[in-house]
There are 2 protein chains.
Amino acid sequence: MSDTVKYQLDEEHLPKHWYNINADLPVPLDPVLHPGTQQPITADELAVIFPRAVIEQEMSTEREIAIPEPVREVYRQWRPSPLFRARRLEKALNTPAKIYYKYEGVSPAGSHKPNTAIPQAFYNKIEGVKRIATETGAGQWGSSLALAGSFFGLEIVVYMVKVSFNQKPYRRAFMETFGAQCIASPSTTTASGRAILAEHPDSTGSLGIAISEAVEVAAQRDDTKYALGSVLNHVLLHQTVTGIEAMEQMAMAGAHPDMIIGCTGGGSNFAGLAFPYLGKQLREGGNIEFIAVEPSACPTLTKGLFAYDFGDTAHLTPLCKMFTLGSSFVPPGFHAGGLRYHGMAPQVSHLAKLGYIAPRSYNQLECFAAGLQFAKAEGIIPAPEANHAVRAAIEEAEKCRESGEAKTILFMLSGHGNFDMQAYTDYLGGKLKDLVYAESEVAMALAGLPSVG
Amino acid sequence: MSDTVKYQLDEEHLPKHWYNINADLPVPLDPVLHPGTQQPITADELAVIFPRAVIEQEMSTEREIAIPEPVREVYRQWRPSPLFRARRLEKALNTPAKIYYKYEGVSPAGSHKPNTAIPQAFYNKIEGVKRIATETGAGQWGSSLALAGSFFGLEIVVYMVKVSFNQKPYRRAFMETFGAQCIASPSTTTASGRAILAEHPDSTGSLGIAISEAVEVAAQRDDTKYALGSVLNHVLLHQTVTGIEAMEQMAMAGAHPDMIIGCTGGGSNFAGLAFPYLGKQLREGGNIEFIAVEPSACPTLTKGLFAYDFGDTAHLTPLCKMFTLGSSFVPPGFHAGGLRYHGMAPQVSHLAKLGYIAPRSYNQLECFAAGLQFAKAEGIIPAPEANHAVRAAIEEAEKCRESGEAKTILFMLSGHGNFDMQAYTDYLGGKLKDLVYAESEVAMALAGLPSVG
């Protein structure tokens, strides 16, 4: 008989709570500041753009936060998601390492993003909101919120970073299929978009710009709120459903990870898998290595500053203490659009600064090569973002081949690449190259950081 | 607490056998004939293009055929696949009907096709075959065989119907990602391709032509065999893994279907879900209605003749008794490329002829409208082929709304539409229209049927 490769939890094992790492931080997070006063922001001030329940979660230090039953009902469509042992990949790499991956591509939008889109739509719905504005990079988040809006009867407006809007027309079609409106950003529909276009008519956009546009739209109307697909505490909180499941599945497999790997753009898929383990390690000790993988062309954790910065380009959002490349920095147009963000989740930044998370970066070609190797062995074509995690996992497994160590590697395969086949077509056709960010642009962006306490 | 919407079987419930309806047919199938002699074909004659194990299955009348353990090991990656209750769709339709669907889009290729690609690759591998040639319409089958080839270390050559090759470049990229070679058909690489191009230089291709090219390539080299993704008995046999699972899942749900619906191109996804139920009904009685849904622009079961015909255009394949529009008929280029076939599985044809299967047809616009309605409610964008089944399920649920009957509808959602977003883009943009086949072409094709027995 063959060895098990898939660890599938019964529906009864769908988590009832999310895990909040704020309860276990050795040093608390620095406060979020109001963009105008630069004083710690209040719940009332945040209520202009977020529903109350989300703000409570953003500020909570409770360890466990209950997942509402209507959210669990939608989660049940694809959760618990499977955890796989990558036996064919191990064999192809001829490594003694044991490689496991948690696979979030089984969600209806094809990534981990619905884990937070569903609760965010739910909380908005029960508080009477009619419309949500948001931004999207690669389109995973916009697709997920479009889906969630369709389930809960909310109107969704998505500002999609222009370079991705053009690279991924089918992501737009996906959002429109679910009834959402999808606008290329920077656009002429907002003051912040028009300001960018006046200065840079050919701007390919960035998450920072798209966030400005969405926040502006949300602040304009009482019936409209804003939703963010990564970075913030409540988003990372919602994603912990993946790590909680993974702990149980790894236990089923009788395995304990030596390292946990995820790609980081805003930080949420990495945190979702890592934080339940990291929190346990903070409470009880342990020696799991937590590896956050980012693109070399947008090296927030590896080359950024740990400082207060805005989440967006037009400086409409609150100020967060985080690793940042400067809110005016526009990363080059590489294919992992979901990783093209100047900042990083404050929780991930804080824990990286404290030395609990080890960041590293890779170029896009080596990531696509890893993705192809993974696909041939495991049968799943990863999203370009997820290829960064795959690359790190393969590198670690290759180190084990050299050293003879049988380490246990657990990584997050955050989504499939079905909507990214143009990137694979370009890669297979030899048309992709590694992109380099302009160091002078980052220096300039960092020079413009707000001077805060 | 909410009602269950997903019925997920444990891994231990992965079927150990496929179900062979040949064991339960009230009248046996007419024999398959050699294309030259027009005499019943022998196993030795078929061995030129198929491995022995597959030929045995093709001819078997055993009710249960064991699934080899290495095949079950690969199946376990995504099987048992989920069965869902479409509660949100029921609510949107305001129907008393109970709608269930078996979802095969969870497979790594996104459809039911790997259910047969995996065993076919396995049987070829253990018999020493190095290379498999095949055809593909929409690309689902080619993708699945590419995947299976990658798992078992076989070279794969795919002839892809030209209209789909052009409509779906990402399906080609998918196949190439797994190392397969993908060629637009008709091509200049085969005598049958060149003959078609000489007569029709602008030919958009058809499954019949692509089959000719692949069979020709397989017959040329000893180390090369041919694989078919639908139509034949062994393919339908492999697909019954879905129906066997569904029977157990419907029992979990405490539900018994009043009707079972699937789309039909070659007939395999429909048969996979329907045959385990239909076989039971043939043995023990029952009153489930079996509804096969085809495109109005390629109406094999509803407008074809039940006669001996070739499976391909160049007349290289054996002759099967089946519903056919004539092997020289080239259907118009509608988006459900997987349903563009002139013939129909002999087993499905035979049972339709005997009155056990009720066929119906729909146009593409009404199918896309149904797909959109389904997506908005259930969160899954169906493949254009699967939209035909969705359309029928919605129509039946609407009839229940009129009559007040709470019928139980079970349909096969054979695949997702992630690679078909151009079709949805065209539909949403108002650029799609219903296509009509030329009745004169069908008349001519039928006039050219071989005169057999």
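Visitor: How many residues of domain 1 of chain A are in contact with residues of domain 2 of chain A?

Guide: Please bear in mind that this is a predicted model. In chain A, 54 residues of domain 1 are in contact with 54 residues of domain 2.

Visitor: What confidence does the predictor give to chain A and to the complex?

Guide: For chain A the mean pLDDT is 95, and 99% of the residues reach 70 or more. For the complex, the predictor gives an ipTM of 0.91 and a pTM of 0.94.

Visitor: How much area do domain 1 of chain A and domain 2 of chain A bury between them?

Guide: The two domains of chain A bury about 4,100 Å² between them, and 63% of it is on carbon and sulfur atoms.

Visitor: How many salt bridges and polar contacts are found between domain 1 and domain 2 of chain A?

Guide: The rule finds 3 salt bridges across the interface of these domains. A salt bridge of chain A to inspect is that between the side chains of A:Asp30 and A:Lys321, at 3.4 Å from N to O; the cut-off for such a pair is 4 Å. Between domain 1 and domain 2 of chain A, 19 residue pairs are in polar contact, both residues being at pLDDT 80 or more.

Visitor: Which elements supply the side of domain 1 of chain A that touches domain 2 of chain A?

Guide: At least two residues of that side come from each of α11 (233-252), α12 (268-284), β12 (305-310), β13 (319-324) and α14 (346-353) of chain A. Of the elements, α12(A) gives the most, with 7 residues. By residue class, this side of domain 1 of chain A divides into 26 nonpolar, 20 polar and 8 charged.

Visitor: Let us turn to the two chains. How many residues of chain A are in contact with chain B, and how much area do the chains bury?

Guide: There are 44 residues of chain A in contact with 44 residues of chain B. Between them the chains bury about 3,900 Å², with 56% of it on carbon and sulfur atoms. In chain A, the residues that lose the most area to chain B are A:Gln77, A:Tyr170 and A:Thr177, together 18% of what that side buries.

Visitor: Which polar features does the rule find across the interface of chain A and chain B?

Guide: The rule finds 0 salt bridges there, but 14 residue pairs in polar contact, both at pLDDT 80 or more. On the side of chain A that touches chain B, α3 (69-75), α6 (140-152), α8 (169-177), α15 (364-378) and α17 (421-428) each supply at least two residues. The residues of that side divide into 22 nonpolar, 11 polar and 11 charged.

Visitor: Where is A:Gln38 placed in chain A, and what is its phi?

Guide: A:Gln38 is in the loop between β2 (17-19) and α1 (43-46) of chain A. Phi of A:Gln38 is near 60 degrees, a positive value in a residue other than glycine.

Technical notes
Residues are numbered from 1 along each chain as its sequence is written. Chains are lettered from A and ligands numbered from 1 in the order in which they are written. Side-chain values use heavy atoms; hydrogens and water are left out. pLDDT is the predictor's confidence in each residue, from 0 to 100. Contact means heavy atoms within 4.5 Å. Buried area is the accessible area (1.4 Å probe) that two parts lose on being put together, summed over both. A polar contact is a pair of N or O atoms within 3.5 Å; within protein, one must be able to donate a hydrogen and the other to accept it, and residues adjacent in sequence count only if both atoms are side-chain atoms. Helices (H or I, at least four residues) and strands (E, at least two) are DSSP runs, numbered from the N terminus. Ala, Val, Leu, Ile, Met, Phe, Trp, Tyr, Cys and Pro count as nonpolar, Asp, Glu, Lys and Arg as charged, and the others, Gly among them, as polar.
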